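Please keep the sequence and the model in view while reading.

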Amino acid sequence: MGWRVDDELQQMLRDSARHYLGDNGGPAHFRKVRANECGFDAAAWRQMGELGWTGVLLPEAAGGSELGLDAALTLAEEFGRAISPEPFVAAAVIAATVLAASEATAASALSRDLACGARSVTLAWQEQRGSIGIPRFATHLSAGKLNGTKRHVPAWHPGTGLLVAAVDGAETIVAVVDPATAGVAARPARLTDGTIGAELEFAGVELDGDAVILRGAAADAALELALGRGTVAISAQLEGLASALWQMTVAYMQQRSQFGSRLSDFQALRHRMVDLFGEIELAGASWRRAASALTAGQDARMAIHAAKARCSQVAQDVGRWSIQYHGAFGFTDEADVGLYVHSGLRWSTWLGNPAAHRREALACHRRERGRNG
Amino acid sequence: MAEDLNLLSNDEFRQRWRSWLEENYPEEWRVPIILRLAGDEERRWHRMTYAAGWRAPAWPKEYGGLGLSLEKQLIMNREMERYNCARVLDSGAVLFAPALMKYGTEEQKQRYLPPILRGDELWCQGYSEPNSGSDLASLRTSAVRDGDDFVINGHKIWTTLAAHADHIFVLVRTNKDVKKQAGISFLLADMDAPGLTVRPIMNLADEDELCEVFFDNVRVPATNLVGEIDQGWTVAKSLLGDERIANGGPTLPRQSFQVLEDLIEGTGLLDDLGQTDRTATLFCDLEDLAALHSQVADAAIRGEVDNAVLGLMKVLATDLFQRISDELLRVAGEDAGLQQPVGVAGVALDLRKVYMVARPATIYAGANEVQRNIVATMLMGAAGR
């Protein structure tokens, strides 16, 4: 761990995650699940519910384990190391944060299902490609009917619980929508991490009177917190992925010989691996800083942008060189390295890519310093 | 100072230090990155801070320091960065004193620590030699025991601010018959000792801070040995750790980034998208380095020293300093070729000097290539075994 230090709870969770995901995660699990119907392993998700992971941010009253953000981030790191396709960030962090902010009956019903792992839940908020954070919604509720289009909805499958962020007049709302309702059309697409994303169209979808679980300032605050936490969590997951891939690549370089030397003996390659390791260290420090700002209730926006930029970039960079240093074998589907690179592609581009987040981080800094173009 | 500054809230502490700087910091020293206080100017700074109760923030209170938490030390650094303060090497307090506190005798501490604190005596570090740069342990300057003295002969180089120092702490070979690290000792000498001469070297930034130091039968009392005979490498290594935390810090990158932003604003490039992408990359590199530095330093203070990451931070910080100084030249256009401050509103610096000050950063304190070798061995094992 070096300078990274776990508290007792985090250490316990990490041990338990390594133990469980050692058997039910990693490349073999990924291969087993990557073409299935729901994009992850529903049985594993139930077991994660029993372990208290799916309800890590949900209150005990709703069946959650309520362990808090630091615990959730430790789990996210381990999900990253194991390239788990189970929708931990989308459901247990993002959707759960929104659910936990509501006291509505419809919210607690979904919370219970999520906390025990019986279902996954997803939040549909994004409407444009490449947008970062909560947009001004075009999707709207009027006269009890929902209209609009949501893009890049994560962890999609027909049985998912679905939360939709929209506007009702000038107010932001979050509503529970049954995907089977008339007027909901889903166009699913398989993503490179094996999960399924969807474009969802709502054409005059009639909502029940109690479908709206959050409204106004409470909805705005919950959505902002949900995406802030989700962005830090996917960053932690990307660090975990990059770190596991780096170790896998070094292990390969130590056993593969050419010209009478191990690959790990060549200085040019050693220096590259050191530089990549340095980038992983920056990534680890970056998301931890964002997490502590978020937990302390400080303005964490700049730190969150910097974290997602760094962790996404390092996953892409380690991915690039891990294929290169595995040689032609690295280009085969048989080599596990490609599974990590594929997962990294999805995670590093979801919730904002590195370049976009770097620009946002600089914009935060300039606003704070009163520098405007 | 009777008051415990650690009891102030971070905001109160920051405000107090900021006000003190604003009231007392000499305007002519506000030349960031380029100016380094030397000699009498450095003494003046230490005396000012000593008199006002701000001297030696990292030293324990028992030695007269402030015993500040790391968080508050970083606040002090950050405020000095913001106020565009000059660099201060302070080899005595920062590099030498921690080693002396750990390995020195009571007499040595009594003799040397108080004058450092008061700003009466300055130190320089005699490590590198013409043929022992990155491979420091191969050094050949020798010390031979003769009665109650050691007699030193040899040649040190790149000794920063030697011409202004009162004393030198020097690594010497005291045993030629053992593994190279095992035959080195840590000795102290007065700069006015007979046989010791200093020759400053002009560098690309127009400074003469780096010096050669020649030892021609220089006699020092045997009581000037710090630590055990032949155990100097251990003493030096403890101090290299402190140096690496300092060299891995974000001060110079942050100050040059501020200059870059001023330059971008002054040249009307705040809205330029290509420039914004390049600036944003440098900004995130800076912020992440600062995040890593504070977390690693925090761990080091708790006793969890992570050597690999310490070596890495030196590489990251110095590489970033150079990349920002390169970017300054790109933004400055033709003004990059001026041997005087640029003609851009809001920027009063000579960018050529900033560029040149950034050059040796990747060479000193263990060239970055050597650092990468060392870190690679820690992470991947030695090559070729």
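The C-alpha centres of domain 1 of chain A and domain 2 of chain A lie 22 Å apart, the domain bounds being those of an automatic or database domain assignment. This is a predicted model, in which local features need pLDDT of at least 70 and side-chain atom pairs count only at pLDDT 80 or more, while totals for chains, interfaces and linings use all residues. Residues are numbered from 1 along each chain as its sequence is written, and chains are lettered from A and ligands numbered from 1 in the order in which they are written.

The contact between these two domains takes 24 residues from domain 1 of chain A and 18 residues from domain 2 of chain A; two residues are in contact if their C-beta atoms, placed from the backbone, lie within 7 Å. On the domain 1 side, at least two residues each come from helix 2 (26–33), helix 5 (88–100) and helix 6 (105–115) of chain A. Helices here are DSSP runs of H or I with at least four residues, numbered from the N terminus. Helix 6 of chain A gives the most to this side, with 6 residues. By class, the side of domain 1 of chain A that touches domain 2 of chain A has 17 nonpolar, 3 polar and 4 charged residues. Nonpolar means Ala, Val, Leu, Ile, Met, Phe, Trp, Tyr, Cys and Pro, charged means Asp, Glu, Lys and Arg, and the others, Gly among them, count as polar.
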